[in-house]
Amino acid sequence: MIKHTIKQDPAEPKFIKIISEISTLGSNRILMQLPAWRPGRYELGNFAKNLKRFEVFDALQHPISYKKVSKDCWEIETNGIASFHIQYYYYAQQADAGACFVAEDMIFLNPVHCFMYVSDRINEAHVLNFEVPANWEIASQLPLEGKTLQAKDFDTLADSPIFVSPNLKHHSFKVQQTRFHFWFLGADFPLLQNLEEDTKKYAKWQTDLYGELPCENFHFMYLLLPNAFRHGVEHMDSTVIAMGPINNLDTKEMYNDLLAISSHELFHLWNVKRIRPVELLPYDFTRENYSRLGYIYEGITTYYGDLALWQSGVWSWEQYCESLSGDLSKHLSNEGRHYYSVAESSFDTWLDGYVPGVPGRKVSIYTEGLVAAFIADIMVLEASNGSKRLHHVMNILYERTWKQGKGYTQELYRNILEEVSGISFEKYFSELIEGKGFLEISLIDSLEKIGLTLEKQLDEAGIAAWRIKKYVHPTNLQSQLFDFWRESH
Ligand SMILES: [Zn+2]
């Protein structure tokens, strides 16, 4: 077991101080590894660049020599000693949902950034002890006792964001058998009652798709910021959502934005945290974990996040339509759609997946993944005459992978699509997923099947946007398929 002590040092207010005690278990040489990236953002973060004043001591406080063997791995000489501790300062000034931030009255950690593990002992347990004043509260998906959190292995620790502050606001309620917790850090939330009611609706709707909500507690950890911001990160039994500016939290626009991101992150509870590609199971924190399946773990999540809000009655058709039109406009105005496949865009998140990138170079696992998910949904819907949907495929994928302790491959996903729909998905994969330039025509075709069309408009600056419109006189078949699409279960 590794014991970590976490404290603030008034002399270094922008850093968090970490002291980790490690047993050698008789080994003469220990490799201490810091992750190079974090799940949810599939690019290298190289967190070691935030670390300074690294030191190693034995039990009598004598310094021990060490050397770095890679950019984020330290080799410690432990000849003849039973235990040692390392200590360092980690720069914590990145106030987004997936990083670390400290201020006078708060500590926000994503442990994947700042804690180390022994490189061949990743399954070892970790204990975190926070040296903070008695009135500071701790919020996390990890089991808590006093000021101490326990993680059964490094994977669990890495996946568990932590809020520590005297100013945490907490609210909880139940959805079926699961207790949901809201934690607010940074400000009070002005529309708490609305948020509880709307969360209950979309959470129940998502739970019904999968038949169960596989955790006893789920924590929505809201980091409310003074600046304009919108970011969320998924975890097994929690999510961190960073939103701002605080002054606009009660506006309709920002409230709907917060709902959209929250619904998306909750859907990840199943899709990617539990239903996971084989290449991400387990995560290798030391290097790139390439996957061509981002259109499943982000695309389907993006599609269902908003769909859940509409179909559970939180959003009107007009609200959903506006959001979907915005996503489709992104696709239709991106020149990169002609030259790049959505599978390639997944592989290349490790290259430039989270920046706009060179104009016209690439597509996105979020936007083009959503388009691919919508087309697959309409294909399944039409082929089964409304009796099946894409989420039936996801439900079976959940049963056959997570429940069996396995990951999935594109082949398994395709097999289940074909099994559920009874039709071939060969062209779907060769053209829409692996091919280039086919999504647009297939999208227009799928919209038409349910009596929808796209209308191009130019704004005052001459920038094109597309709006979804319903046919004025749809055929009976189009109306029927639209109704099947609207009534999901
Ligand atoms: Zn996501």
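Pro 282 sits in the loop between H4 and helix H5 (294-311), where helices (H or I, at least four residues) and strands (E, at least two) are DSSP runs numbered from the N terminus. The peptide bond that joins Leu 281 to Pro 282 is cis, with omega about -5°. This is a predicted model, in which local features need pLDDT of at least 70 and side-chain atom pairs count only at pLDDT 80 or more, while totals for chains, interfaces and linings use all residues. Residues are numbered from 1 along each chain as its sequence is written, and side-chain values use heavy atoms, with hydrogens and water left out.

**Backbone geometry**

- Most residues other than glycine have a negative phi, and most peptide bonds are trans.
- A cis peptide bond also runs from Gly 244 to Pro 245, with omega near 5°, and Pro 245 is found in the loop between strand S20 (238-244) and H4.
- Arg 53, which lies in strand S4 (residues 51-58), has a positive phi of about 55° although it is not a glycine.
- Arg 53 counts as partly exposed, because its relative accessibility is 46% and the scheme calls a residue buried under 20% relative accessible area, exposed over 50% and partly exposed in between (1.4 Å probe, protein chains only).
- Gln 176, in the loop between strand S16 (169-175) and strand S17 (178-185), likewise is not a glycine and has a positive phi, near 50°; with a relative accessible area of 42%, Gln 176 is partly exposed.

**The zinc site**

- The zinc ion is coordinated at 2.1 Å by His 264 (NE2), His 268 (NE2) and Glu 298 (OE), where donors are N, O and S atoms within 2.8 Å of the metal (3.2 Å for Na, K and Ca), and sites may look incomplete because water is not among the atoms.
- In sequence, these donor residues follow the spacing H-x3-H-x29-E.
- Both histidines, His 264 and His 268, belong to helix H4 (residues 252-268), where they are four residues apart, about one turn of the helix, and both are buried.

**Packing of H9 and H11**

- Helix H9 (residues 367-383) packs against helix H11 (residues 410-421) at an angle of about 30°, with the axes 8 Å apart; axes are lines fitted to C-alpha atoms, for helices over the stretch in contact, and angles run from 0 to 180 degrees between N-to-C directions.
- H9 is therefore roughly parallel to H11, since angles under 35 degrees count as roughly parallel, over 145 as roughly antiparallel, 65 to 115 as roughly perpendicular and the rest as oblique.
- Ala 376, Val 380 and Ala 383 in H9 meet Leu 417, Val 420 and Ser 421 in H11, contact meaning heavy atoms within 4.5 Å.
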